[in-house]
There are 4 protein chains.
Amino acid sequence: MSSAERRYVITLGCPDRSGIVAKISTFLAEFGGWIVEAAYHTDRDTNWFFTRQEVRADSLPFDAAELRSRFATVAAELGSRTDWRVSDTGVPRRVVILVSKAGHCLYDLLGRVASGELDVDVRAVIGNHADLAGITRAHGIPFHHVPFPGPGENPEGKDAAFNQIRQIVDSHHPDAVVLARFMQVLPPELCAAWAGKALNIHHSFLPSFIGARPYHQAYTRGVKLVGATCHYVTAELDAGPIVEQDVIRVDHTDSSADMVRKGRDIEKVVLARGLRWHIEDRVLVHGNRTVVFH
Amino acid sequence: MSSAERRYVITLGCPDRSGIVAKISTFLAEFGGWIVEAAYHTDRDTNWFFTRQEVRADSLPFDAAELRSRFATVAAELGSRTDWRVSDTGVPRRVVILVSKAGHCLYDLLGRVASGELDVDVRAVIGNHADLAGITRAHGIPFHHVPFPGPGENPEGKDAAFNQIRQIVDSHHPDAVVLARFMQVLPPELCAAWAGKALNIHHSFLPSFIGARPYHQAYTRGVKLVGATCHYVTAELDAGPIVEQDVIRVDHTDSSADMVRKGRDIEKVVLARGLRWHIEDRVLVHGNRTVVFH
Amino acid sequence: MSSAERRYVITLGCPDRSGIVAKISTFLAEFGGWIVEAAYHTDRDTNWFFTRQEVRADSLPFDAAELRSRFATVAAELGSRTDWRVSDTGVPRRVVILVSKAGHCLYDLLGRVASGELDVDVRAVIGNHADLAGITRAHGIPFHHVPFPGPGENPEGKDAAFNQIRQIVDSHHPDAVVLARFMQVLPPELCAAWAGKALNIHHSFLPSFIGARPYHQAYTRGVKLVGATCHYVTAELDAGPIVEQDVIRVDHTDSSADMVRKGRDIEKVVLARGLRWHIEDRVLVHGNRTVVFH
Amino acid sequence: MSSAERRYVITLGCPDRSGIVAKISTFLAEFGGWIVEAAYHTDRDTNWFFTRQEVRADSLPFDAAELRSRFATVAAELGSRTDWRVSDTGVPRRVVILVSKAGHCLYDLLGRVASGELDVDVRAVIGNHADLAGITRAHGIPFHHVPFPGPGENPEGKDAAFNQIRQIVDSHHPDAVVLARFMQVLPPELCAAWAGKALNIHHSFLPSFIGARPYHQAYTRGVKLVGATCHYVTAELDAGPIVEQDVIRVDHTDSSADMVRKGRDIEKVVLARGLRWHIEDRVLVHGNRTVVFH
């Protein structure tokens, strides 16, 4: 969205059948709704229909709450399995970012926010190390240091740390929880609590090189491209629905340290794209696959 | 389209206003039309609306002619400037290909047709040289050799040659005239006669390196990527609406001959993509820009 | 190599130490050897040195056999583990191609050979199906149909078929055996016999999606890019040294059949690049990784 | 360079002839020089030879000054046109950055420096607007605001502003002057004074869309990819030797504002790559082309 004009974004998924588009577009046309952007998709394998519609807020004679109330009737006519939401671009999106020591994704996100490119309200940054406190606070954003016990020591400490993180995160009611190279594996209960809004950046072209040290794995296998994957976090490690991926070329002159360096440029743009699409309600999840209306 | 099922493809462009989608989708829903694929776009600068819809032929109670007749009424209600067509995937698309000596694009197209990937009826290949007669005929396709006078000699000969080409081409009523590295500049009257169906592959990333020897120009300028552009032919050289472009990396070790070689791989895939989208009615031209619903 | 001038290509690998380049370049300079292209690399992890040098044949006062004889002395001084060869671009490279039903890689390779882009002598094409006999013979190349038993039937028949293939292949003393979407897994003894010269194209971005139906696996996982990998064949399935890889973007609108179609364009260029580099002695294998001096 | 070990970097260009590599490598081997990385290239058109060699500092029995003194003799033997330098990775590289209002390139460079990825000493940032003073100073770097007169008003003011910039820049004796989306055209005398060390990022895939508002030009032409170019600044606008380029895909759904946004991600990585290669002495300029040994 290049303009600041306020819009309502309708996203909907339901079993496909004839007449869905007619029903939705007729509903909107009836009230003079001006559709600025519309996308439709049907998944043939599951016969599932998806749509996303951006409507100019000032073209409708009612507000978002009333739109939700009225659209609920339309959605109900499309069957009980219909999954839909209406969001309002006039309400700022809240984001909390989790980090460890590596700063390239955080620097990149903060730069995008500061320059006005990414229109989100970063409520807090939480780190299990304190390295990135300075740059976070220089941007006027609170930084919380939640230390984790080292490997093998004090397993209860880890649970306590995650509880502390959860309290901070949940207090902000975020639209997105961004794991910006956060090096701790979320426990299943957090994966469940933040389902559909926790975005991770994994530093490989998944499903290659799941788990730890993917660039080292890539080096050992001798691949000719390295990549990064932005995906929703689920209880199964690095197996959640993929939002975006990209790759960059490497060759025999690149050590695994060079791959780490080159990969950073991919990680940060892939994460930034994924986050943008998520907060603009462009990503519809169905099973373990995503429809991305970008 | 991965399935062979028959479809009607509706493409339409008109000034944007509220209710267009409702009107079209309601028309189709009324007759039980099953929309298999639908795409919409509004160009903000010109306030022009575009759509393309694929409808299963067996879901409608009438044939393509009747669909055209009935849809004409809908289109008329959208204003006098509305531009639309209905095509039928059950009717094979006819293609004529123009070539010179370089065979990489022709080899590639013939291979795609022979393997069933590209569902077109190649009616004829015409060359101003005879080098590619053999491979053409090995595929069971007629080859016509139409020699051109050399530079500086016999200007009337060129007109005569183009007249001969025009007669051959027009006798096949082609849906696409493909200039697959045909090294002659079409005269304005042929550009006009074949407007919107003559596709050229230019061996540069336009608008860089218009005209002759683009790879040599690219080498001299020291660019780090070379590209190719598939565009509709218009009277202004290499300035027609762009359908598709792509690039490949080169470096200082590449001579201009190496750039020629590397560029071929881009030329052939860019042309093949452009031709596929054209014959599937995925390309809508507006002014000098294209909307490509791929 | 864009010119047809004859060259000797020296490739060498040995433990790294000071003075290797001085030794080789002094040897060549002593006889007036004109180095047209030279590349060096040291792998830090294994401390292994690699070089490839192209020398104009007409700059040396002796032939390839004499060069080999004299260079053997230089190589011996670099230690007993030195691995080297001298090849002569004046001797045509022999290739045998194995195929099944899918023709896109074969069409592409034959087109490159016919147009003079790929300077190899294709001695034979062998198919476990006969579908590609026509196009092969249209290019004047012998086609051998070696049928395989179906799954579950007659296991001895498979051994016999591979024996027949081995006899045909070995009778041509090929520099490369190209598995151009050959759908049978080579038995270990053939992997061993053709080690370092059997090139496969796998239709995924390895190590993702090893084995059968990689595009279907890719579709199910919901990846946003699909790829192809050219690698040397080893006894472990899809695990040999990687020569080249590339990817192409897909999205939610692509069915697995669409991924198959888009992937073909990547498969054929990746295989063609890998084969070119192999026959030009640009690929040096060390352990399970490759150095590619392209 | 992934390790912090100190190295001497020798770069050399001279007319090609037999024996150059032997001469240099023998010189280094004589003193036990351990070549960590070496690259060679010969430009066929101009018959010019290029090399870059990284030698471990601790492998030589003398310091950089002595190496320069001794290597001068070797270079002299290669002819009077030989162009060479020896640099020392132990001496930090100094950089001055020029900006206007757009911050994406500056944010990116500062993040790379802060995270230790880019090993340079940013001495100062100079802006013709003050927008980026805050982030610069948050990184502990001096920011100089040098206002420029508006278009049409007070032409002497522009000269004065450039004089002021020149004094600031030259006082730091920088190895690189980075125009990170600086929107003023350097006067010819500054182009001359900073020849070979002023790097610009142009927001198009040059030579397409030279001059102002390249994304708007790209939108109007309807291209399917937009790009960015890092080049040395010369007196002819946007025509200097190209160091690096890259592109990103756009389509009909992208307004020119969207192209601006997508293009930023390419601009910043292309500039960062170009700057890295420049300060590591990987870029050798010859005429208007570059050899980049990356």
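How many salt bridges does the rule find across the interface of domain 1 of chain A and domain 2 of chain A? In this predicted model, local features need pLDDT of at least 70 and side-chain atom pairs count only at pLDDT 80 or more, while totals for chains, interfaces and linings use all residues. Residues are numbered from 1 along each chain as its sequence is written, chains are lettered from A in the order in which they are written, and side-chain values use heavy atoms, with hydrogens and water left out.

Chain A is divided into domain 1 (7–88) and domain 2 (93–292), with bounds from an automatic or database domain assignment. Their contact (heavy atoms within 4.5 Å) takes 14 residues from domain 1 and eight residues from domain 2. The centres of the two domains, taken over C-alpha atoms, are separated by 31 Å. About 890 Å² is buried between them, 53% of it from carbon and sulfur atoms; this is the accessible area (1.4 Å probe) that two parts lose on being put together, summed over both.

As for the opening question, the rule finds four salt bridges across this interface, each a side-chain nitrogen of Lys or Arg within 4 Å of a carboxyl oxygen of Asp or Glu. The side chains of Glu54(A) and Arg282(A) form a salt bridge at 3.4 Å, N to O.

Turning to the domain 1 side that touches domain 2, β1 (7–15), β2 (35–43), β3 (48–56) and β4 (83–88) of chain A each supply at least two residues; strands are DSSP runs (E, at least two residues), numbered from the N terminus. Of these, β3(A) gives the most, with five residues.

How values were computed: Helices (H or I, at least four residues) and strands (E, at least two) are DSSP runs, numbered from the N terminus.
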